[in-house]
Amino acid sequence: MGVETLTWQDGRLFIIDQTLLPEECVNIPLETVESVWEAIKSLRVRGAPAIGICAAYGVVVGLKERWPASVSEARRAAEASIEYLGTSRPTAVNLFWALKRMRGAMNAEDFKSVEDIVRVLEAEAIAIHEEDRRLCRAIGAHGADLIRDGDGVLTHCNAGGLATADYGTALAVMFTAHEQGRRFRVFADETRPLLQGARLTAWELAQEGVPYAVIADTVAGSLFQRKQIDCVIVGADRIAANGDTANKIGTYML
């Protein structure tokens, strides 16, 4: 993949500051639990999977930052970080899912040392990260055949690597089809008011060499009328068991 929105290197967390894209691609370190909270709150990191992964690492960052003197203090510190990070984005379901997993890992065993609890929590955060990588690749593999040579593909908001741990969800389908040799064109809604399509989706498509055009949100209807759109592939903030979906405003009309 051309870009990784967040990386864990030698026990340190780095993210691409998405508020600077597309003009600059800058990796910044998050070295305190407060900086992780601020990055999620201010949309420096965004997208449900990426937010969850970032928060999971944030629990570890908080422990390493203060390095408690005892296991009991480490448990209290980790719990405090979990509660604190949960206030960064109250509507982000993946955030609470990941933090719940971190709490479960912390409570799953009796630890003999602070090093042990940090090691287990770091391993859990890495596992969450790796699971999302595999999910992204699976989505791409299962969805790529939906796109045919010559298709016009419409997408809305951003559901690529910047929102996840790897190729993305909706964009994974496009990236995989492109890798398999199919030639098609993507129409990316600008996605007001924060322009995730114009700033982020377009940038990611350019990184991978996928032909695209950015369109105003209100242009989509005329493209349908002229039969320039063959399929619509978008992300989903949540998918219910009965098939209902929730996603970025502006998705429903497409």
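How much accessible surface does the chain have, and what share belongs to carbon and sulfur atoms?

1. The accessible surface comes to about 11,800 Å², and 54% of that belongs to carbon and sulfur atoms. Areas come from the Shrake-Rupley method with a 1.4 Å probe.

2. This is a predicted model: local features need pLDDT of at least 70, side-chain atom pairs count only at pLDDT 80 or more, and totals for chains, interfaces and linings use all residues. Residues are numbered from 1 along each chain as its sequence is written, and side-chain values use heavy atoms, without hydrogens and water.

3. The chain has eight helices and nine strands. These are DSSP runs, numbered from the N terminus: helices are H or I of at least four residues, strands E of at least two. The radius of gyration is 19 Å, close to the 18 Å that the globule rule gives for 254 residues, so the chain is as compact as a globular protein of that length. The radius is taken over C-alpha atoms; the rule is 2.2 Å times the number of residues to the power 0.38.

4. Of the 254 residues, 50% count as buried, meaning under 20% relative accessible area (1.4 Å probe, protein chains only).

5. Helix 1 spans residues 33-41, and its buried residues are V33, S35, V36, A39 and I40. They cover an arc of only 160 degrees around the axis, which puts them on the same side of helix 1. The arc is that of the directions from the helix axis to the C-beta atoms. Their cover includes strand 2 (12-16) and helix 4 (93-107). Just after helix 1, L43 takes a positive phi of about 70 degrees.

Technical notes: Contact = heavy atoms within 4.5 Å.
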